[in-house]
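The following report is written for a reader new to this structure.

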Amino acid sequence: MSAHSHADGKLPHEPEKATLEGRNKVLGFWLFLGGETVLFGTLFSAFLALRHQVGEGNPTGQELFQLPLVALATFLLLTSSLTSVFAIQAMHRQQTKQLISWLVITVLLGLGFLILEIYEFYHYVHEGHGFTTSAFSSSFYTLVGFHGAHVLFGICWISLLIGQLMKKGLTVITAPKVYVSAMYWHFIDVVWVFIFTVVYLMGKVG
Amino acid sequence: MTIKNRHSVFDCRRIFFLIGGLEAILIRIQLWKPLNNFVSADMFNELLTMHGTTMIFLAAMPLLFALMNAIIPLQIGARDVAFPFLNSLGFWTFLFGGLLLNVSWFTGGAPDAGWTSYVPLAGTTYSGDHGVDYYVIGLQIAGIGTLLGGINFMATIINMRAPGMSFMRMPMFTWTVFITSALILFAFPALTVGLAALMFDRLFDANFFNPANGGNTILWEHIFWIFGHPEVYILILPAFGIISEVVCTFSRKRLFGYSSMVFATMLIGFLGFMVWAHHMFTTGLGPVANALFSIATMLIAVPTGIKIFNWIFTMWGGSIRFTTASLFAIGFIPTFVMGGVTGVMLAAAPADFQYHDSYFVVAHFHYVIVGGLIMGIFAGLHYWWPKMFGRMLNETIGKITFVTFFIGFHMTFFVQHFLGLLGMPRRIWTYLDGLGFNGLNLISTIGAILMGIGTVAFLINIVITAAKPRNAADDPWEDGRTLEWAISSPAPEYNFAQTPLVRGYDALWKEKMDGNKGMTPAEPLGSIHMPSPSILPFIMSVGLFIAGFGFMYHNYYIGAAGLIIMFACMVIRSVKDDHGFHIEPDELQGKGVKA
């Protein structure tokens, strides 16, 4: 139970699963991601049902979307997923410093993505593609916006964890937190892959 | 707010049940004679909407959750649920969501677009006031609680079972709760999206369901029912579990066909996701879709039939005791079969064009929800009351509850089948004389009052019992089969002083049959780690409550303030480590070294 073996400076091999609390957290988070899958699945369904309802005179996805910008955003987010893998590997090697550095890089990449997305939305609104313009625009902003909000939440969350790691170090209490935040980060990455395909690529094809 | 007071939270759920029941009685009083003017037409719409919404989301589910919370850790030999903090958070979000919904009565009109809240009726064009806003935001907040509960029970059942408690040794109630939690997990996020979309439409002029700007009203029906149909199985499966426990305890027999029961539960859960469009036969999806959903729906009768026969075979040859819990369980079986039969009738798409939106549908779903779920909850409450509160409910009053409720129920809803076949539409405020509806409606109203009397009898029973000493035995029914009956009544806050070793299905019964006094402990007596109670879940829910109001009335500062309160609590929860406290072995002395 209380495997706080931090006293002798050594952590168990997989510190995130060393305690029952940790194992519960990881399992519970997998379940939560199952629910999130349905959440995004429903958002995708709504978008797919409404994406051709552009309305008279409003810009279509084909006219709006600029693939280079979106591709750059995709590149940033996918890379951030890779750096979060490096972070977890560092955690398993119990190298707290490297763990923190990789998490910082992950957060910065996430921020870059978010800034590009905000710029993109700002640009669209100027092109006459507002939230209330059409059913297409409402479902577009809801789907992509939900994802963006998830990224924002992830950035705040991982930043908070970086602070905790600096203060408390890597323990059997902080390790599960880092681990599930990495799971979360991968999940929003996977969702983005689908958004890139369904919203942008399919939107460009028409 | 952890295990210590998990039983005292029971009360507000009963109050929501009473509010929903009161609304039902007002509906029935309005309908007792033709052209009655007891409530106005607008009020009637509010009553029927709030009756449905309250009963499903704020009464039935939370009552089930209360039972799950009290019983599941005991049945699997766990000290607590996996996430005590989330448990508490789920309770408070449910409570504040329910409060928000009911505040609408005092702020110029409750939601009035039906519990299904179909668009365009629920859109701003036809529901311009704030009623539906309360529905959308109240359910959103309460829904968070349900989702957290589902995750919590799944993690608890997977990770926290006592040594030897393999999946195929779990009591039937635990199994049904496990499947129900999976359904919650995969059904509720769809509702979350639906409610969010409707909220965006109503508050921020989005166009999801606004045909003028390309929106699609059928989309709401799909999203609502892809949540809504699993929801009815979320409700009924735990009732199946309760009935399974009660039937075998009071038949003094092992559950007949345990593994087929488990399989049938899984099958019902799976098929529950495949049939949502049977609520939409008259929407016009076309003959192919209707045929497929029709057949899928009828398939559900197979696993349900397996369950019915298994209960009957469990009773067959058993020495049955007719306690109140047992009576509710035995009354459940034929009642639920009747609801199932009308379900198959409704599943026939061509015939459904006749039944649709008539009182036949009302009769059907009240047979499965009241006759199934509520009877199951009554059985479960009478059965587990001594384990939860340490006091036996009065059996005589219990039997009065059963007789009045059972007769009242059938009086209310049996005649509604015929009202429906005669052509009385559902959700109608009043009707003309001379249509042949008068007599049947009168009978129905009398039945509803009888059900009300039954419920009042149950409340009296609770009050009388609360005044009695806590003297319930560990195994008050003497034939307890599962782990919860191995420990004292009420269960201590740590549940098991020593985690029990489970040696077979019906763990306690097996020890009894082997001549043992109780469970064999699986661990030495040691100090028990307990989580500290926390006020944060309460504050978080208050934050959501405030945010809900802020957004509803377009006061975004207040809305943002509410959200900031919630996120601040999340930060505090993350940063502050909960070291909990320990109960030392010498404090456990005299409380039974037995597991």
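Chain A contains six helices and zero strands, where helices (H or I, at least four residues) and strands (E, at least two) are DSSP runs numbered from the N terminus. Read from the N terminus, its elements follow the order α-α-α-α-α-α. Along the principal axes, the C-alpha atoms of chain A fill a box of roughly 70 × 30 × 25 Å. Of its 206 residues, 52% count as buried; buried means under 20% relative accessible area, exposed over 50%, and partly exposed in between, with a 1.4 Å probe and protein chains only. Among contacts (heavy atoms within 4.5 Å) in chain A between residues at least 6 apart in sequence, 80% join residues at least 24 apart.

This is a predicted model, in which local features need pLDDT of at least 70, side-chain atom pairs count only at pLDDT 80 or more, and totals for chains, interfaces and linings use all residues. Residues are numbered from 1 along each chain as its sequence is written, chains are lettered from A and ligands numbered from 1 in the order in which they are written, and side-chain values use heavy atoms, with hydrogens and water left out.

Two packed helices are described by the angle between their axes and the distance between the axes. Axes are lines fitted to C-alpha atoms, for helices over the stretch in contact, and angles run from 0 to 180 degrees between N-to-C directions. In chain B, helix α6 (residues 217–251) and helix α12 (residues 359–389) pack with their axes 8 Å apart, at an angle of about 50°. This makes α6(B) oblique to α12(B); angles under 35 degrees count as roughly parallel, over 145 as roughly antiparallel, 65 to 115 as roughly perpendicular and the rest as oblique. Residues making the contact include Ile242(B) and Glu245(B) of α6(B) and Tyr383(B) and Trp384(B) of α12(B). By class, this contact of α6(B) with α12(B) has 13 nonpolar, four polar and one charged residues. Here Ala, Val, Leu, Ile, Met, Phe, Trp, Tyr, Cys and Pro count as nonpolar, Asp, Glu, Lys and Arg as charged, and the others, Gly among them, as polar.

The largest nonpolar core has 172 residues, of which Phe57(B), Phe173(B), Phe188(B), Trp311(B) and Trp384(B) touch the most other members. Its largest share, 20 residues, comes from helix α5 (residues 172–204) of chain B. A nonpolar core is a set of buried Ala, Val, Leu, Ile, Met, Phe, Trp, Tyr and Cys residues joined through side-chain atoms within 4.5 Å.

Most residues other than glycine have a negative phi, and most peptide bonds are trans.

| Residue or bond | Backbone value |
|---|---|
| Val119(B) to Pro120(B) | cis, omega about 5° |
| Ser489(B) to Pro490(B) | cis, omega near -10° |
| Arg252(B) | positive phi, near 55° |
| Arg427(B) | positive phi, near 60° |

Pro120(B) lies in the loop between α3 (84–103) and α4 (131–159) of chain B, and Pro490(B) in the loop between α14 (438–466) and β1 (500–501). Arg252(B) is found between α6 and α7 (258–271) of chain B, in a loop, and is partly exposed, with a relative accessible area of 34%. Arg427(B) has its place in the loop between α13 (395–421) and α14 of chain B; at 31% relative accessible area, Arg427(B) is partly exposed.
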